[in-house]
Amino acid sequence: MTQPGLLTVFLILLPLVASLTLSLVKGEQVKKLALVFSLAELAIGLFAWSKFDAADARAQFLYDTNWVASLGIHFAVGMDGISMLLVLLTVVLVPLIILSSFKNEFKKPNALYALILFMQAGLIGVFTSLDAFLFYVSWEAALIPIYFICAIWGGEDRIRITFKFFVYTIFGSLFMLLGIIYLYFMTPDHSFSLLSFYQVSLSPTAQSWLFWCFFLAFAIKMPIFPFHTWQPDTYTTAPTAGTMLLSGIMLKMGIYGVMRWLLPVLPMGVLEWGNTAMILSVIGIVYASIIAFTQKDTKRLIAYSSIAHVGLISAGVFALNVQGMQGAMIQMVSHGINVVGLFFVIEIIYQRTKTRETFNLGGIANEAPVLATCFMIIMLGAVALPLTNGFIGEFMLLNGVFNYNILLSAIAGLTIIFGAVYMLRMYQKVMLGEVNNVTAGFTDLFASEKAVLFIICALVIVIGVYPKPILSVSEVAVNNLLEVIKLRMQ
Amino acid sequence: MTSIIIITITAIVVLYLGLYKAQKALLPVSILGLLASGATAFMAWGSELSYFNDMIVFNNYAIAFTILLVVTTILIFLLSRDYFEHISSNVAEYYAILLFALAGGVVMVSFQNLSMLFIGIEILSVSMYIMAGIKRRNIASNEAALKYFLLGAFSTGFLLFGIALVYGATGSFNIDQIAAHASENPLLFNVGLTLMLIAMAFKVGVAPLHFWTPDVYQGTPTLVTTFMSTVVKTAGFAAFLRLFTVAFGASSHVWMVTVSVMVVLTLFIGNVTAAFQSNQKRLLAYSSISHAGYMLIAILALGGASANSILIYSIAYSIASVAAFGVMILVKQQRGSDDITAFNGLAKNNPALALIMTIAMCSLAGIPLTAGFFGKFFIFGTAISAHYTWLVAIAVLMAAVGIYYYFKVIIAMYLRKGEEGNIIQVSTHYQFVLAFCALVTILLGVLPGLITNLL
């Protein structure tokens, strides 16, 4: 290809075009059409992966053109290893999410799928932007569709809950915008380019302020304790496709933002406040795990477990060492896959029994052995059993936190024990035991459900046994990132 | 200059047409006149011509704002078909008075001499006093007119007194001359300046001098409210900025603190009060106060980019407001109410209208990929480059509040259930104006480069 950068542009444009097309299509074909578009996107993503040179730390597939010339705003996109991995995660999960919604009946399905694909464009934009302005625009472009997905197709009390989510996140991102404009005026060449941002040197005080501007946006998105209050309600009330998008991909935007736009841009701010962020992350782990214990609603339980997991990922990132960062990278992928699988299992059970409460369920394993096996595999991945994908990530993350501070790593390590307890207990209550009148006659998986769960289970095991392809994608880029940070901290 | 003449002649012709009962001709003639005046302004782009011994100077600044005012008026006039007929039998008055007001607005954006500023403001204001009270038998309208007129007359007094003092201090009405002689008699000059600041703040509806806005906006016919919140406000800010950059730019230390207090108050009162409104018209009235607050930031930041920021903000704000008020008029006609609840379920019955309203609300709220986002972006950028970061932090906080109340309407349209099958018929005029506004809003949101370098 003469211009490899067009590949990244295609990755952003294809879902946009697909979204416009779907919004005009009527009828039942829309689900299949959405799947076809997302598979095409997957093909482009995989093609980019095959052409990707993992030994090169710089951004590849660069495309740079003027957008608003008078302000130095560029449409600049490209992928280094970190971006590549998250783009891969996005292009793999979106078709799975679309396929997993095949059994649902939605009013106005074309609007739903159009919004999902529009969001995908925003997500890819976030993960590939090399211009702060484009990053901000993509960030919001990913938020608006998910807001409408949750607000229109969500469950009980959705208007109030999703509005809280929306105002909360946009509040955070407005402060990020403030930070971006401020940094723009501090760049030597008045530009929004990432590389110019890396050259800004500010006083530690200014960096501390800016740290909070950015951190607020990212922490709300992830979410980190105490900015998480929107999350459990939103995850619970959102339609499952929306919950999957939120937890599987969107929360990674926050972590990615920290890695790309916070740590290397404001190293002095990180020196000052990184420890606080670390402690907040660890508090979140323990706090969310304890609450997860007491949840009766399975969807809510997984929502809280997600807070615990993301807390550990963020702690690994703020540890500022290779193990932590690389652990965060692979755990972002694993967590995305596992959490989508878990929410899908909950959705399957809900569709058949119309309940998500643990005390109503039981004995499903007798009626649906295939589902039970898949659920078991995904759950073992989520509780980080060796030879599953969750293990590699959690091990490296804890190793990273350990190198940072032993006490914190000990507390953070509780997540594995806690996680195992509440997840296994949920599994036991839902799947094992006596069949009751709610779960009697539970039909096992349909073909489309099998397809999704088998792919997810395969990923859980393959990544768990042989994580090297994933790790090697981001390795050089992560090392390079850490070098930049260290250099700028001096 | 030709623009002013054409607008005035059109207004007089329209009056005569009304006298001879040529109802059908009113709208076409007005639109033609406006198109002609817009075109002549456009032809003069790039030239800098002064008239009547420097009373009026038509430079790019004046031309850009003139075109914006004329285009907004055209859009509003297109919405007026069949609208004024419902209210009154003397339709010609409406067109004529609005055209006179527009002429006043054009004088305000092109003045070079304080007496022209005063005349422009008065032409505009007197027309608006009449428009506010035009529903003679309506109590709300009477209250609005009386309030507006009394307070407005009061502030005119401030303006005139201020002009007199500034003249006393500098010996000139010409804003260039005033700037040159600003330091000769500081006491007189500063008092005059402050009085003028108060008067201008009143005219554009900045807190703590905003009290007239909500009542007047609610009491007047909605289409006139649209005119007030777009044309009148834009003209007011253009004049405000021109006066304060050219004449009082060098003495910014005198008014800086006052204006920054005004900004904070305006943003706070406008946004927080708007968040509690359940009536859409009142919500837009309070939100227009908050927009005045954002624009005032650009005046405070006073730099090369201020003019551009205000122009971009005014364009985005005017276009989005016309769309928002247009949809609101339709909803009110069909459902008899302009409360937010009247919008319930609009997306189901009229998806296109709901989409346009959503675009308008997103633009007013400053969501990316709409023109309003770039409006705020430029204002914030200008302020940060002038080291008003703390002020921008407050503005950002208030923008979040803004998103809250603008999205209340979107939620009503998309998420709440309304009456089934209550479909609103939209005439071609409305279709054209609303689609035009929505498209321009998106276009400028994606390609702001089209207007960023005008001034």
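1. Helices and strands, in this note, are runs assigned by DSSP: a helix has at least four residues and a strand at least two. The model under discussion is a predicted one. In UniProt, an unreviewed entry gives residues 71–121 of chain A the annotation "domain: NADH:ubiquinone oxidoreductase chain 4 N-terminal".

2. Chain A contains a strand pair that the student may wish to locate. Strand β1 (residues 60–68) of chain A and strand β2 (residues 73–79) of chain A are paired in the antiparallel sense, over 6 bridges. Within this pairing, A:N66 has A:H74 of β2(A) as its bridge partner. The two strands, β1(A) and β2(A), form a hairpin with 4 residues between them. In the turn of this hairpin, A:G72 has a positive phi of about 70°.

3. A helix pair in chain A also deserves attention. Two packed helices are described by the angle between their axes and the distance between the axes. For helix α3 (residues 81–100) of chain A and helix α13 (residues 322–353) of chain A, the axes come within 10 Å and cross at roughly 5°. Angles under 35 degrees count as roughly parallel, and α3(A) is therefore roughly parallel to α13(A). On the side of α3(A), the contact is made by A:I82, A:L85, A:L86, A:L89, A:L93, A:L96, A:I97 and A:S100. On the side of α13(A), the contributing residues are A:M329, A:M332, A:V333, A:G336, A:V340 and A:F344. Sorted by class, this contact of α3(A) with α13(A) has 12 nonpolar residues, 2 polar residues and no charged residues.

4. The contact between the chains draws 23 residues from chain A and 23 residues from chain B. On the side of chain A that touches chain B, helices α5 (132–153) and α6 (158–186) of chain A each supply at least two residues. Of the elements on that side, α6(A) gives the most, with 12 residues. The residues of the side of chain A that touches chain B divide into 21 nonpolar, 1 polar and 1 charged.

5. An unreviewed entry places "domain: NADH:quinone oxidoreductase/Mrp antiporter transmembrane" at residues 130–415 of chain A. Over residues 130–415, chain A is 80% helix and 0% strand, with end C-alpha atoms 35 Å apart. For chain B, UniProt (unreviewed entry) places the feature of this name at residues 112–399. Residues 112–399 of chain B are 80% helix and 0% strand, and the end C-alpha atoms are 35 Å apart.

6. Two loop residues of chain B may be examined in turn. B:A342 lies in the loop between α14 (306–335) and α15 (346–349) of chain B. B:A342 is classed as partly exposed because 19 other C-beta atoms lie within 10 Å, whereas a buried residue would have 20 or more. Leaving aside residues up to four places away in sequence, B:A342 touches B:V331, B:R335 and B:S337. The C-alpha atoms of B:A342 and B:S110 are separated by 41 Å, and these residues are 232 residues apart along the chain.

7. B:N90 is found in the loop between α4 (83–87) and α5 (91–110) of chain B. With 11 other C-beta atoms within 10 Å, B:N90 is exposed. B:N90 and B:F248 are 158 residues apart in sequence, and their C-alpha atoms are 44 Å apart in space.

Note on methods
Residues numbered from 1 in each chain as written. Chains lettered and ligands numbered in written order. Predicted model: local features only at pLDDT ≥ 70, side-chain atom pairs only at ≥ 80, totals over all residues. Axes fitted to C-alpha atoms, helices over the stretch in contact; angles between N-to-C directions. Parallel < 35°, antiparallel > 145°, perpendicular 65-115°, else oblique. Contact = placed C-beta atoms within 7 Å. Nonpolar A, V, L, I, M, F, W, Y, C, P; charged D, E, K, R; others polar. UniProt positions renumbered as here; feature names shortened; annotations may be inferred. Buried ≥ 20, exposed ≤ 12 C-beta atoms within 10 Å, placed from the backbone. Pairing = 2+ DSSP bridges.
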